[in-house]
Amino acid sequence: MAKITHVEVAQVDLPPKVKRTDAIQSFVTQETPMVRITTSDGLTGTGYTYTIGTGGSSVVALLRDHLAPRLIGRDPALIEMIWKDLFFATHATAVGAITSLALAAIDTALWDLHCLAAKRPLWQEAGGAQAAVPVYTTEGGWLHIEPAALVDDTLKAREAGFRGAKIKVGRPHVAEDMARLSAVREAVGPAFEIMTDANQAFTAAEAIRRARQFEALDLAWFEEPLPAEDIDGHVRLCNVTTLPIAVGESIYHPSLFREYLQQRACSIVQADVARIGGITPWLKVAHLAETFNTPICPHFLMELHVSLCAAVPNAAWVEWIPQLDDITHNRLEIADGKAVAPMTPGLGIDWNWEAVTKRQAFTPIVIS
């Protein structure tokens, strides 16, 4: 039986490929804490997590001081047991973003180890439901982009083979959002999907007002219209609009998705594998949603989510936002408007270790 012999914690900072703005923030940099777990049989699994500009050092400190030391001597195959033990060990700081992000770095590394040992790709080891999943782009739909440029970007996305595009909303007046969305809908026609995302910017009353305007545009969904903690507001919104309501990137534990689904407060779940705490809880959310006949369309991290979406039967979309290109050799494969799950053993991410080393924010920490 293999044992974990040492754990390496590092961080790589990645600037965004384009200017990224939404209704409440700008994406400054992707802080990318990374964990490498090595076992007595010579295998090394790599996991990672991320922030959009703040908190990376806090994630690293939690990994270094509290979580990684608890891995030494453990059997890496006991992924569920390890996740539960680490979650309990940090119960005073859970449920919360920093704890979930740190857990995700470890959990994804353990899954990488598991798949490397099995010599199979993640999407097959985690379920093997579908080899490819429709893909849409968010990279050309940021809030600062004016209508003419927005139309150009969306038409280019359609020509490139994407089946949909996300347009950020949350301009000061609903008329501004409508002008941007209407211009895109007129340009792309009725068969191309348009997703919208408010990034939790609205009150319930304002979300209802905007949803009524948006309905005429036949949108694929209205994402994060309200703060994630306002379940009652989401219930009110779902009761008065025909738009599918999507939530999840700002939810940090599976039980909160249960509350949304039980109260019929959403139509689509968007669990983020890093923010939910890793692959182990992500799969639970996906299967929970399946029992409610609800699709999962995860947020960001396409390099991981392509395999997770392929693993489950109710994944409907992969979100295309390239962010690991500078530190990986492989790229997301797209064929016939679908993201294709990688067939290589492990997570399917071919790390460029020379590039990773050059971009490290500090000398890696080794715990043994």
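Two strands pair if DSSP finds at least two bridges between them. Helices (H or I, at least four residues) and strands (E, at least two) are themselves DSSP runs, numbered from the N terminus. Welcome to a predicted model, in which local features need pLDDT of at least 70, side-chain atom pairs count only at pLDDT 80 or more, and totals for chains, interfaces and linings use all residues. Residues are numbered from 1 along each chain as its sequence is written, and side-chain values use heavy atoms, with hydrogens and water left out.

**View 1. An open sheet of 4 strands, in the order S3-S2-S1-S13.**
The pairing in this sheet is antiparallel. Look for strand S3 (44-48) and S13 at the edges, where each pairs on one side only. Neighbouring strands are turned by 20° against each other on average, direction ignored; here axes are lines fitted to C-alpha atoms, for helices over the stretch in contact, and angles run from 0 to 180 degrees between N-to-C directions. Between S1 and S2, which run antiparallel, there are 10 bridges.

**View 2. Helix H1 (residues 56-67) and its buried residues.**
Gly56, Val59, Val60, Leu62, Leu63 and Leu67 are the buried residues of H1 (buried means under 20% relative accessible area, exposed over 50%, partly exposed in between, with a 1.4 Å probe and protein chains only). Why do they sit on the same side of H1? They cover an arc of only 160° around the axis, the arc being that of the directions from the helix axis to the C-beta atoms. Their cover includes strand S1 (4-14), strand S2 (30-39), helix H2 (79-89), helix H3 (97-118) and strand S13 (365-367). H1 itself lies across S1, S2 and S13, and runs at about 175° to S1. Contact, in these views, means heavy atoms within 4.5 Å.

Is Thr99 buried or exposed? Thr99 is buried, with a relative accessible area of 3%. Not counting residues up to four places away in sequence, Thr99 touches Leu62, Thr90, Thr93 and Ala94. One of these, Leu62, is also among the buried residues of H1.

**View 3. Helix H6 (residues 174-188) packed with helix H7 (residues 204-214).**
Two packed helices are described by the angle between their axes and the distance between the axes. For H6 and H7 the angle is about 30°, and the axes are 10 Å apart. That makes H6 roughly parallel to H7 (angles under 35 degrees count as roughly parallel, over 145 as roughly antiparallel, 65 to 115 as roughly perpendicular and the rest as oblique). From H6, the contact is made by Val174, Asp177, Met178 and Leu181; from H7, by Arg209, Arg210, Gln213 and Phe214.

**View 4. Strand S4 (residues 132-137), a mostly covered strand.**
Of the 6 residues in S4, 5 are buried. Strand S12 (residues 338-340) runs antiparallel to S4 and is joined to it by 3 bridges; here Ala132 has Val340 as its bridge partner. Strand S10 (residues 318-320) runs parallel to S4, again with 3 bridges. Strand S5 (residues 164-168) also runs parallel to S4, with 2 bridges.
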